[in-house]
Amino acid sequence: MTASLALDGLSVGFPTGALGDPRIVSAVDGVSFTVASGEIFGLVGESGCGKSTLANAIMGLLPTSTIITGSARVHDAEVIGLSDAALRQMRGNTAAMVFQDASTSLDPTWPVGDQIAETIRAHQSVTRSEAKEKALALMTEVGLTDPSERYGDAPHRLSGGMRQRIVIAAALANNPKLLIADEPTTALDVTLQAQILQLIDRLRVAHNTAVLLITHDLGVIAQVCDRVGVMYAGQLVEVAPVAELFANPRHPYTRALLAARPGAQSGAERLAVIPGQVPDLSEEIAGCRFASRCPRRIDACAVTPARVSLGDSEVACWNLPTGGTE
Amino acid sequence: MISQSITATAIVLAKSAPRRRHRLPVTTTVGVALLALLILAAIAAPLLSGHNPETVETARVMGAPNALHPFGSDVLGRDVLSRVLFGLRVSLLVALSSVAVATLIAVPLGLIAGYFGGWLDSLISRSLDMLLVLPALLLAITLIAIVGPGSTVAALAIAIIYLPILARVMRTSTLVVSRQEYVLGSRSRGASAWRILSSHVAPNAIGPVIVQASVLSGFALQLEAALSFLGLGTQPPTPSLGGMLADGRDVLTQAPWVEIYPGLAIALAVVAFSLLGDGLRRALDPTGVAS
Amino acid sequence: MNGLAFVLRRTLLTIPVLWVMSIIVFLIIRLVPGDPVRTMLGFRATAANVAEVRRQLHLDEPLLQQYLDWAGGLLHGDLGQDLVSKAPLAELLAQRLPVTFELTGLAMLLAIAVGVPLGVRAATGGRWVKRLTSGFVVAGISIPDFWLGIMLVLVFAGTLTLLPPSGYVPFGDDPMQNLSYMVLPVLTLATAEAAYILRTTRSAMESVLQRPFVTFLRAKGISRRRITYGHALKNSAPTIVTVIGIQIGVLLGGAVIVETLFALPGVGRLIVTAVNQRNYPTVQAGVLAIAATFIIVSLITDLFIGWLDPRISDGASR
């Protein structure tokens, strides 16, 4: 089976620091995983853990000064190091991306329908009216009532939920193999969140699209994802099927993350807090980046842990706990 | 929103402070140096020039630049260098005093409008808006048409033109500062309005006004020159940069130095003020209230 | 629907502004300390002379009566008489305004044609484009327009003798001649303006290009060119047009100087001559004409901005 997305040792570094003291912020460090077509893969972690950077690296949206190494293949084609022209052809066509806030994702001066049609015309040789036809059909598909009424509206006349539907329609206009959704529901209220997640899920099934869903919300992951990757400080620490991750978290960080969820501990009055701080990524860090805060740290942690399979899970840890949540 | 970004900027500044020493951009240094040079030259004009700017030397009519008269002589044989230096004196004086007067009136007005809001704000803002109905130069010309020409009148007219702009900046800046927690805090502790305004709001809100004032000083100088060029500002025989440009127009091709040097002096002064303004903006108005 | 309401509301709003402006122009002349008649007649005038002229100009009547007479005349197109030539001011303005409009209109078009494309390049281009355009902005803003005009005359009319140094021929009489007389004044007036428009375009484009919707456009595979011109420039347009509207006021002021410098028979020169002759009904009429032009241009730019950005015509906050 060919994967819609295959990452192999993907690393991203941002040059920073002053003249004479150049540093590199290692935002993503050696991340590998695959997403099969039709699968929803959740990527979870605290803000700043590199999950959005990872997504932008795949889409080629990072500044040219960024240092990217490793491989990212979308539908079997390498996307790291592509030329501008090749990137443009890939974006919105084989791989599409939606962002956190739909109200800022749309051009406020353009009619919403035209913003969908524009994406179609960027990748398919169709006439203006054919593109409009297709855009209207997409608007219907994402659940907008009265698409021909809405087509000419400026974004500010639509509600937040409707705008996010337009954004999704524009992203899916060319039937991409891969959809990256970066916190697609964070800006919406809870009922809308569920609707948009259902929409993404429905479209994924209908078009057999692979979805990489990036979120800090474990609840969202539990609702729709097939498998989950957990990131900490730029490293992928654990990959597991959703049920397995919640039932049997293996990595000490995953356990801490689950324990920190509101309502996670029965009877506990306050949220568990992970002691310590996320390390400064502009410093060279040897080995496991969680080690400085890890209760199970051992000497071996000074070397980057290899990923090992444990049942259905894959975990990068030298000193795995056994048994259930402690 | 704005207050948040101010806080954010403050945090960024606080963080970066120890690592990088506070260094002025080259352009700011150039601006400050240039301005200092021009002001010094204007103050020391009698010492530097070596000639009386109003002395007519018939043998030197439209004389080309030489060692004794580096900028040449004008239609009446007067020394152009000393006229430029003395003209710079008048121009700088008019520019700085007009902006100073405008700032002195604009700051309290903007402070009151921004802090108290309501009908006071409407009254002050709408009244000042009325001054903006006329294009700046026309307002100045109209005022001069009634009162009669002269450098004092020109300075007052320029002050009136810049008053609404500066008051508006002060008002916006006051609005931003008034929403800060330390102001809300002392308000809730029952401090008097006068105390809050003078010790908390005004000192923190004045930055953008200073930035705007320094930029406007350059334009005020240009405006004074324009009025004098039209014969409505500084009156002859007092040398003024604009007046010199008007005098030399008819002999432009025979004696271009009469025209070139006063114009260069104006352009340099405007550049100096705007570079200074850019530097001040970076230091005093990181969020761009003044623009 | 909503658009029409916006146009109506904005247009109706212009009427009180015009009215307030007429009051201001009227009052400035009468309330500013200093007696225009004394200024006019000079210090040798006797009290009887002054009283006589005051009566002629109806300055001895109550303010309200004076205003009503003057404003009533305005509504009928009667602006009064020039004190020197005794010509009706309405006629004088009808001759002079086209010259000023041609000068400022051409200067603004040239400034837009240069400033907007360069501003877009400055926002999207490489380091050298940025440096060169910044240099142009600093020079354009700092060089006084009248001095620039003089230097242009020195080079093009004096040394190269390519163009006439000053003078005017009506467009109707000889279009080519007219334009050759206009080249230097228009260049003089347009240079600083182009610098302002360049700077505004650059900063508006820079801030729009950082907005999230641009990232989404890139993620959709839209070409850089299309993002720049189809989206970013369209979003920057309201800011640019706002500045152009404000700058037209500056241009109308600058026209006073440029017309004087190049001996163009426009309203600006009319005003300056009138000020020097203490011919203040003409000053009043000229200022009124230019201020009214400015207000109407502001209306047009505001309507245009509403058309460019539907959020404004919908009354939504930006």
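How much area is buried between chain A and chain C, and what share of it do carbon and sulfur atoms give? The legends below take up this question and then move to other parts of the structure, which is a predicted model.

**Figure 1. The contact between chain A and chain C.** In this predicted model, the area buried between chain A and chain C is about 2200 Å², and carbon and sulfur atoms give 56% of that area. Chain A brings 29 residues to the contact, while chain C brings 24 residues. Across this interface there are 12 residue pairs in polar contact, counting pairs in which both residues have a pLDDT of 80 or more. On the side of chain A that touches chain C, the elements that give two or more residues are helix H2 (84-90), strand E6 (95-98), helix H3 (102-105), helix H4 (112-123) and helix H7 (160-171) of chain A. Of these, H4(A) gives the most, with five residues. Sorted by class, the side of chain A that touches chain C has 14 nonpolar, nine polar and six charged residues.

**Figure 2. A salt bridge between chain C and chain A.** Side chains of opposite charge can pair when their charged atoms come close. Between chain A and chain C the count is two salt bridges, and one of them is formed by C:Arg224 with A:Asp84, whose closest N and O atoms are 3.6 Å apart.

**Figure 3. The contact between chain B and chain C.** Two pairs of chains are in contact, and of these, chains B and C share the most contacts. The contact takes 36 residues from chain B and 42 residues from chain C, and together the two chains bury about 3300 Å², with 83% of this area on carbon and sulfur atoms. Three residues, B:Val133, B:Leu138 and B:Ile146, supply 18% of the area that chain B buries against chain C, which is more than any other three residues supply. The count of salt bridges between chain B and chain C is zero, and the count of residue pairs in polar contact, with both residues at pLDDT 80 or more, is one.

**Figure 4. The side of chain B that touches chain C.** Which elements of chain B give two or more residues to this side? They are helix H6 (136-147), helix H10 (207-229) and helix H12 (257-284) of chain B, and the one that gives the most is H6(B), with nine residues. By class, the side of chain B that touches chain C has 29 nonpolar, five polar and two charged residues. Chain B has no contact with chain A, and the closest C-alpha atoms of these two chains lie 8 Å apart.

**Figure 5. A salt bridge within chain B.** Over all chains the structure holds 18 salt bridges, and one of them joins the side chains of B:Asp121 and B:Arg171, with a distance of 2.7 Å from N to O. This pair links distant parts of the chain, since B:Asp121 lies in helix H5 (residues 118-131) of chain B and B:Arg171 lies in helix H7 (residues 151-178) of chain B, 50 residues apart.

**Figure 6. The largest cavity.** A search of the whole structure finds three cavities of 30 Å³ or more, and the largest cavity holds about 50 Å³ of space. Its lining is made of A:His251, A:Pro252, A:Cys288, A:Phe290, A:Ala291, A:Cys294, A:Arg296, A:Cys301, A:Cys317 and A:Trp318. By class, the residues of this lining divide into eight nonpolar, one polar and one charged.

Conventions. Residues numbered from 1 in each chain as written. Chains lettered and ligands numbered in written order. Predicted model: local features only at pLDDT ≥ 70, side-chain atom pairs only at ≥ 80, totals over all residues. Heavy atoms only, no water. Contact = heavy atoms within 4.5 Å. Buried area = accessible area lost by both parts, 1.4 Å probe. Salt bridge = Lys/Arg side-chain N within 4 Å of Asp/Glu carboxyl O. Polar contact = N/O pair within 3.5 Å; in protein donor to acceptor, adjacent residues only side chain to side chain. Helix = DSSP H or I, 4+ residues; strand = E, 2+ residues; numbered from the N terminus. Nonpolar A, V, L, I, M, F, W, Y, C, P; charged D, E, K, R; others polar. 1 Å grid on protein atoms, 1.4 Å probe; cavity = no way out; pocket = protein on both sides within 12 Å on 5 of 7 lines; lining within 4 Å. Points joined across faces, edges and corners; volume = space filled by probe spheres on them.
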